[in-house]
Amino acid sequence: MNYTIATLAGDGIGPEVTAQAIKVLEAVGSLSGHQFEFNHSPVGAVAIDQTGDPFPKDTFKNCENSDAVLFGAIGDPKYDNDPKAKVRPEQGLLRMRQMLGLYANIRPVTAFPQLIHKSPLRAELIEGADFIVIRELTGGIYFGTRGRSEDLNMAFDTMTYTRPEIQRIVKLAFEYAGRRDKRLTLIDKANVLASSRLWRETTQDMEGNYSDIAVDYLFVDNAAMQIVQWPKKFDVMVTANLFGDIISDEASVITGSLGLLPSASIGLSTSVFEPVHGSYPQGAGKDIANPIATILSAAMMLDHLDLTDEASTVRAAVDKSMADNFVTEDLDKEVSKKCSEVGDYIKNAILKA
Ligand code: IPM
Ligand code: MN
């Protein structure tokens with residue numbers, strides 16, 4: 001088969017880590033006979049510099065016409081200290097989500113045995129933790145009506161959800177739970193918010209269709225506490241946009257593997273695969289970034305394209321690089337392999353598979 005992949009490398013270390021994932025996909029292609037065609041487009045600060053727009057029309061078209069999008073990172077410190085900047089790289093991200101209808105952000109969190117000592121939590125709490133956070137990504141308070149009063153002394157944002165928006169993401173979450181340990185937790189604030197009560201009502205109505213799945217309901221404050229107290233309790237979590245933003249960041253650090261975590265944003269047209277970490281501007285151009293999160297994002301992409309054996313081959317090669325301790329400086333200062341060397345090592349492990 002032929003697959004076209006839009007590659008949006010973006011800012012900071014984005015281009016370096018994306019290049020390693022491309023290497024890996026090319027190795028997968030040469031082994032399996034599949035062809036991947038990579039079409040590069042600018043996004044984020046790089047795109048603002050080139051076109052004035054953080055998500056240019058041509059970038060959108062490239063995404064729309066591709067089978068999947070491989071995304072690096074966006075963000076540049078030159079915008080962070082300028083709250084009045086009219087265009088910001090992050091706007092590109094929000095527009096991409098909206099225009100591609102990326103309604104679900106999926107972040108699997110796994111404890112890698114080699115990294116457990118990096119966790120802020122005690123090893124026995126973390127060992128064996130393995131869960132997924134599914135965050136609604138195109139609705140809620142991120143996209144609701146907002147405004148400011150004329151005298152500028154009042155401002156508001158609105159959290160709005162419709163039943164169909166909730167149904168489509170909760171359905172996806174039930175399906176994920178069905179392929180995993182069959183436990184689903186809805187995280188909301190139904191004791192206060194009307195929109196959360198609609199999430200709860202909708203999920204309760206759907207429970208009957210998935211009788212093999214145990215559903216649990218948690219208020220978001222309680223969930224934030226339990227996730228650090230008892231991370232192994234969770235299998236699949238599903239939640240609204242803002243709650244998911246917070247919970248997924250919290251979740252990503254507890255296993256000590258932030259630099260290794262991949263994510264997928266499932267779309268109505270094309271889905272996007274990207275590392276959870278950011279653009280790490282201090283590391284840009286130094287060939288020191290850890291490419292594993294992006295390579296594992298490419299593995300999620302392969303799963304999404306129904307190339308599940310190929311995805312397993314990539315994960316096995318990543319495991320091998322860590323087992324052999326062939327790793328970048330964030331994982332082992334002494335070993336301190338370069339980003340491109342780790343990419344080559346994983347590529348070669350695939351070619352030998
Ligand atoms: C994320 C980020 C974005 C968000 C920002 C950069 C707009 O924090 O992807 O989680 O809040 O969604
Ligand atoms: Mn966030």
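Predicted model: local features only at pLDDT ≥ 70, side-chain atom pairs only at ≥ 80, totals over all residues.
Residues are numbered from 1 along each chain as written, chains are lettered from A and ligands numbered from 1 in written order. Local features need pLDDT of at least 70 and side-chain atom pairs 80 or more, while totals for chains, interfaces and linings use all residues, and side-chain values use heavy atoms, without hydrogens and water.

Start by colouring 1-100 + 293-353 as domain 1 and 120-255 as domain 2; the bounds come from an automatic or database domain assignment. Their C-alpha centres lie 26 Å apart.

Next, select ligand 1 and the residues around it: Glu90, Arg97, Arg135, Tyr142 and Asp245 (a heavy atom within 4 Å).

Now show the polar contacts (N or O atom pairs within 3.5 Å). Oxygen atoms of ligand 1 lie 2.7 Å from a polar side-chain atom of Arg97, 2.5 Å from one of Tyr142 and 2.9 Å from one of Asp245. Taken alone, ligand 1 exposes 320 Å², of which the protein buries 68% (Shrake-Rupley method, 1.4 Å probe).

How values were computed
Polar contact = N/O pair within 3.5 Å; in protein donor to acceptor, adjacent residues only side chain to side chain.
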